Amino acid sequence: MILSDKDIVESIKSGALVIKPFNKNFLGPCSYDVTLGDEFIIYKDEVYDITKPLNYERIKVKNSLLVCPLNYKYDKDKLKEKYGVDIVVEGGILGTTNEYIELPNNICAQYQGRSSLGRVFLTSHQTAGWIDAGFRGKITLEIVAFDKPVILYVGQRIGQLIFSYLNTPAEVGYCDRKSSKYKNQSSVFPSLIHKEFKE
């Protein structure tokens, strides 16, 4: 069963669900909008060899960034100057939410990009929208522009969380599992899939 706005507020008041910071204006009828943080990751590898740790650069953005489609023909410096953005990125970039969440063992969540951003062909998650019961941390976002460059602003609403009750609580929540790779994320985090090849 999906949580309504009333259910979300009651779960936060009881301490069962944690969303920090929480802004009541971001509540939808059955969702909660989350905002774009200021830390990002850009991968540096020519090829993603998922059996090895990936090389990346962690960057902090003060105000805004311009996300360009892969192979978009542009002059990075000209675009940066013209639109007054902090950085210009081609292809995918990992971001994070400002919001930190804690899910109890009887609530899971799903991250979805906002419809308004989808209508300019920008996605803020690729396939990783599921958040297991018992998760604690910030949400890592996989951001890609598909049509034209899109300017994103730190602190803007970027996506939404939809919460659901489990019929019975999970026996072992996400952050209590030994094999969970992304527990207690305090910021954007790169892929750790290489760890699966050592198990």
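## A facing pair

L66 stands opposite I151 in β12. The model is predicted. Strand β5, residues 64-68, pairs with β12 in the antiparallel sense. Four bridges join β5 and β12.

## The open sheet

β5 and β12 belong to an open sheet of three strands. The order is β6-β5-β12, and the pairing is mixed. Strands of a sheet pair through backbone hydrogen bonds, in either a parallel or an antiparallel way.

The edges are held by β6 (87-90) and β12 (150-153). Each has a single partner strand, so one side of each is left without a neighbour in the sheet. On average, neighbouring strands of this sheet are turned by 25 degrees against each other, direction ignored.

## The largest pocket

Rolling a probe the size of a water molecule over the atoms shows where empty space is left. The largest pocket has a volume of about 1100 Å³. Its lining counts 40 residues. Closest to the centre of the pocket are L94, A128, T140, E142 and S191.

Several elements give two or more residues to this lining: β3 (39-43), β6, β7 (93-102), β10 (130-131) and β11 (136-145). The largest share comes from β11, with five residues.

By class, 23 residues of the lining of the largest pocket are nonpolar. Another 10 are polar, and seven are charged.

Methods: Residues numbered from 1 in each chain as written. Predicted model: local features only at pLDDT ≥ 70, side-chain atom pairs only at ≥ 80, totals over all residues. Heavy atoms only, no water. Pairing = 2+ DSSP bridges. Axes fitted to C-alpha atoms, helices over the stretch in contact; angles between N-to-C directions. 1 Å grid on protein atoms, 1.4 Å probe; cavity = no way out; pocket = protein on both sides within 12 Å on 5 of 7 lines; lining within 4 Å. Points joined across faces, edges and corners; volume = space filled by probe spheres on them. Nonpolar A, V, L, I, M, F, W, Y, C, P; charged D, E, K, R; others polar.
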